[in-house]
Amino acid sequence: LTLARDLLEQAELLANKEPRRPKQASLRRAVSAAYYALFHLIIEDSANTLTPPAPVGLRRVVQRAFQHGQIKAACKDFVDGDSAKRKNRATSLPAALEAIIVFPLDAPLVTLLTAFVDLQEARHKADYDLTEQWNRVEALSKISQARRAFSAWDNVRKTPNVAAFMSCLAFRKEWGKS
Amino acid sequence: MAFEMAAYIDYVVRMPTTRIPPSEPNLRGAASGDEALFFRDLMEKRSNQKYRLQFRFGEDSDSEPAVWITLFVQPDLNPSRETIDEIDQLSESIRNEVINSDFRRWPYIQVKTE
């Protein structure tokens, strides 16, 4: 998971690169790096969990197949499902998936899922939307959010719910969600 | 009588017409009144001397209902770790309140300087 951790470190360096007047390029790339740090953390760990170590290179190929939109949708599904369950409402999760998830979700898992959704949208804004300016406080708060998501992942990555989440990243579409 | 009828027809034909208005556009990402009230109350409750909050409804990059909550802070070129942690905790707490509300609208928190 070196790439993920290096990206997070790079995000921090970029956000603090110019001590007096931070350049928009530095802040935008910092936010983007924070998102990609979390993205790589999730896909690398997921590929390692879902795929055997042999043949060599298989895990890298599986890792390459994960899609940003699919991960975001899975994060939203889990969080919406958790919220619905807390209110005794029906979830929009496929029944087979809902049956194997243990609700309520652990707080660190919710932290991770919401951070991914939030950071992906921030990444879109940082990379494509020039109508708004970034400031250092906002960039650092996004990096801090990514950092908290990293510790949250460390806490829950071996839990059954995360195993279900990882499988959902790969098979969500086939499990009946459009 | 014939004259009166012709005058009447002429009168009716000359009446200004009102066009049928185009149907009300379906505003994507628009919120119900209850939602607007919920968010207005939430912003009032969470705003304080240090942080001012604003919200805007819309759709996110997946075309799903979203709310952008802007947290206005004092400009700070080199914010301390404590400041960032405080903003982070406030953001997380607002985010959780919205997610666990009765509305299906994803909250995105952004931080702007005054």
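Me: What share of the contacts in chain B with a separation of 6 or more comes from residues 24 or more positions apart?

Reply: In chain B, residues 24 or more positions apart account for 59% of those contacts. Please keep in mind as we go that this is a predicted model. To be counted as a contact, a pair needs heavy atoms within 4.5 Å.

Me: What makes up chain B, read along the sequence?

Reply: Its pattern is α-α-β-β-α-β, and the totals are 3 helices and 3 strands. Of the 114 residues in chain B, 34% are buried. The accessible surface of the chain is about 7,700 Å², with 54% of that area belonging to carbon and sulfur atoms.

Me: Why is Met5(B) called partly exposed?

Reply: Look at the value first: Met5(B) has 43% relative accessibility. Buried would need a value under 20%, and exposed one over 50%. The 43% of Met5(B) lies in between, so the residue counts as partly exposed. You can find Met5(B) in helix H1 of chain B, which covers residues 2-14. Leu37(B) comes 32 residues away from Met5(B) in sequence, and their C-alpha atoms are 56 Å apart.

Me: How do you know that the span of helix H4 of chain A agrees with its number of residues?

Reply: Helix H4 covers residues 68-86, which is 19 residues, and at 1.5 Å a residue it should span 27 Å. The steps counted are one less than the number of residues. The end C-alpha atoms of H4(A) are 27 Å apart, so the two values agree. After H4(A) comes Asn88(A), with a positive phi near 55 degrees.

Me: Why is H4(A) called largely enclosed by the rest of the structure?

Reply: Count its buried residues: 14 of the 19 in H4(A) are buried, so the helix is largely enclosed.

Me: What is the area buried between chain A and chain B?

Reply: About 2,700 Å² is buried there, and carbon and sulfur atoms give 44% of it. On the chain A side, Lys76(A), Glu121(A) and Val137(A) lose the most area to chain B, together 21% of what that side buries. The contacts involve 33 residues of chain A and 31 residues of chain B.

Me: What makes Asp80(A) and Arg104(B) a salt bridge?

Reply: Their closest N and O atoms are 2.7 Å apart. The limit is 4 Å, so the pair qualifies. Across the interface of chain A and chain B, the rule finds 11 salt bridges. There is also a network of salt bridges linking Lys72(A), Lys76(A), Glu121(A), Asp60(B), Asp62(B) and Glu64(B).

Me: Are Glu35(B) and Arg105(B) buried or exposed, and what are their values?

Reply: Glu35(B) has 8% relative accessibility and Arg105(B) has 6%. Each value is under 20%, so Glu35(B) and Arg105(B) are buried. Their side chains meet in a salt bridge, at 2.7 Å from N to O. Glu35(B) is in helix H2, and Arg105(B) is in the loop between helix H3 and strand E3, 70 residues apart.

Note on methods: Residues numbered from 1 in each chain as written. Chains lettered and ligands numbered in written order. Predicted model: local features only at pLDDT ≥ 70, side-chain atom pairs only at ≥ 80, totals over all residues. Heavy atoms only, no water. Helix = DSSP H or I, 4+ residues; strand = E, 2+ residues; numbered from the N terminus. Buried < 20%, exposed > 50% of the residue type's maximum accessible area, 1.4 Å probe, protein only. Buried area = accessible area lost by both parts, 1.4 Å probe. Areas by Shrake-Rupley, 256 points an atom, 1.4 Å probe, with all protein chains shown as cover.
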